[in-house]
Amino acid sequence: MTLADVIIIISRDGGAFLSRWLHVVVGITWIGLLYYFNFVQVPAFAEMEAAARNNAVDKLASRALWWFRWAAVATLVTGIMILLFQKAGDTSQLFSGDYFKSTPGISIATGVLLALTMFLNVWLVIWPNQKKVIANARNVQAGGEPDPDAAAAGRKALLASRMNAIFSFTMLMFMVGTAHFFLPGKFKFAPSGSDRGIYWAIALIIWLVLELSALGVIGGTKPGGINVIFDTHKAALWTGFILVVVYYALFYVVLKA
Ligand code: HEM
């Protein structure tokens, strides 16, 4: 082994180590703030007087949202880095072209699908709508007229945020499960094409119906109906736990060895 080989191994293993550690740190930052918004801030704001709430939106929520959306970017970047480093460092066949057809590959692909959806909810729904809420709060504080669209914007952001809380539990099960739960032995290592087809058809339908509901495409944005899962943070918590059971059961029934 030459010095160049040693340097390559150290930087590759160091890169894998660093990206995994960073991924968990920034992932915690993102999801921790998501839980703060859902389980602390929204219920507290509902009890606050308008003036106090506007001040908190201006000074507190705007800062929390900065960490929230940039932690989401850092989580995505470090997640992609893990994929690249583990492929580069692989000496087995696991990360060859067929990785995403293996059970660990299907597990991480499901986790990444949910995490990417959450990322897009942050940047395309929550943040654009929260910008309107913050602008309105600042304008009202400065003595301006309230923006009539601010409440609807807040509602859209709330639905996407509760969707992200619901997805987060299942997403984390797959993130961690890839290396710890869904291992060869208990699960098929290389499932057949029809197993994969059944798994993805059901997994994608559940994901799509939920996300389209959060966006208001199914069931609109008003409370009740299918939106009952978003009506309170407790309903979102229960739906999130049930979703873990549903996805685990699907994975188990279709992909167990
Ligand atoms: C945004 C897109 C994301 C991508 C592309 C991504 C990608 C990955 C990858 C490739 C792994 C390694 C899986 C393995 O082979 O063991 C992983 C693990 C992990 N991810 Fe993510 N991830 C994302 C989002 C998140 C989020 C939002 C969190 C929230 C905390 C998170 C937390 C974790 C954890 C805890 C692990 C397990 C580390 C381990 O057991 O070694 N990820 N992720």
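This is a predicted model: local features need pLDDT of at least 70, side-chain atom pairs count only at pLDDT 80 or more; totals for chains, interfaces and linings use all residues.
Let me start with Ser161. Leaving aside residues up to four places away in sequence, Ser161 touches Leu34, Asn38 and Ile126. Ser161 lies in helix H4. Is Ser161 buried or exposed? Its relative accessibility is 10%, so Ser161 counts as buried. One distance to go with that: Ser161 and Pro43 are 118 residues apart along the chain, and their C-alpha atoms are separated by 13 Å.

Next, the chain as a whole. There are six helices and zero strands. Read along the sequence, the pattern is α-α-α-α-α-α. Along the principal axes, the C-alpha atoms fill a box of roughly 70 × 45 × 25 Å. The chain has 257 residues, and buried residues make up 40% of them. As for contacts, take those between residues at least 6 apart in sequence: 79% of these join residues at least 24 apart.

Now the iron site. Which residues are the protein donors of the iron atom of the ligand? They are His23, through NE2, and Met175, through SD, and they lie 1.9 to 2.3 Å from the iron atom. These two residues come from distant parts of the chain: His23 is in helix H1, residues 3-47, and Met175 is in helix H4, residues 150-180, which puts them 152 residues apart.

Why is the arrangement around the iron atom of the ligand called octahedral? Because the six donor atoms around the iron atom subtend angles of 85 to 180 degrees. For reference, ideal angles for six octahedral donors are 90 or 180 degrees.

Met175 has 22% relative accessibility, so Met175 counts as partly exposed.

Staying in helix H4, the next residue is Ile166. Its relative accessible area is 0%, so Ile166 is buried. Which residues does Ile166 touch, not counting residues up to four places away in sequence? They are Ile229, Phe230, Ala236, Thr239, Gly240 and Leu243. Ile166 and Leu114 are 52 residues apart in sequence, and 10 Å apart in space from C-alpha to C-alpha.

On to how the helices pack. Two packed helices are described by the angle between their axes and the distance between the axes.

On the H4 side, the residues in contact are Leu159, Ala160, Met163, Phe167 and Phe174, and they meet Tyr199, Trp207, Leu210, Glu211 and Ala214 in H5.

The next pair is H5, residues 193-214, and H6, residues 233-255. Here the axes come within 9 Å, with a crossing of roughly 165 degrees. H5 and H6 are therefore roughly antiparallel to each other. H5 passes H6 in a right-handed crossing. From H5, the contact residues are Asp195, Ile198, Tyr199, Ile202, Ala203, Ile206, Trp207 and Leu210. They meet Leu243, Val246, Tyr247, Leu250, Phe251, Val254 and Leu255 in H6. Leu243 has come up already, among the residues touched by Ile166.

The remaining pair is H3, residues 103-141, and H6. The axes of H3 and H6 come within 12 Å and cross at roughly 160 degrees. H3 and H6 are therefore roughly antiparallel to each other, and their crossing is right-handed. The contacts run from Thr103, Ile106, Ser107 and Thr110 in H3 to Tyr247, Phe251 and Leu255 in H6.

One more residue, this time in helix H2. Ser62 has its place in H2, which covers residues 50-88. With a relative accessible area of 14%, Ser62 is buried. Not counting residues up to four places away in sequence, Ser62 touches Val57, Ile134 and Arg138.

Methods: Residues are numbered from 1 along each chain as its sequence is written. Side-chain values use heavy atoms; hydrogens and water are left out. Donors are N, O and S atoms within 2.8 Å of the metal (3.2 Å for Na, K and Ca); water is not among the atoms, so sites may look incomplete. Four donors count as tetrahedral if all angles lie between 85 and 135 degrees; four count as square planar and six as octahedral if opposite donors are over 155 degrees apart and all others between 65 and 115; anything else is irregular. Helices (H or I, at least four residues) and strands (E, at least two) are DSSP runs, numbered from the N terminus. Buried means under 20% relative accessible area, exposed over 50%, partly exposed in between (1.4 Å probe, protein chains only). Axes are lines fitted to C-alpha atoms, for helices over the stretch in contact, and angles run from 0 to 180 degrees between N-to-C directions. Angles under 35 degrees count as roughly parallel, over 145 as roughly antiparallel, 65 to 115 as roughly perpendicular and the rest as oblique. A crossing is left-handed if the near helix is turned anticlockwise from the far one by less than a right angle, and right-handed if clockwise. Contact means heavy atoms within 4.5 Å.
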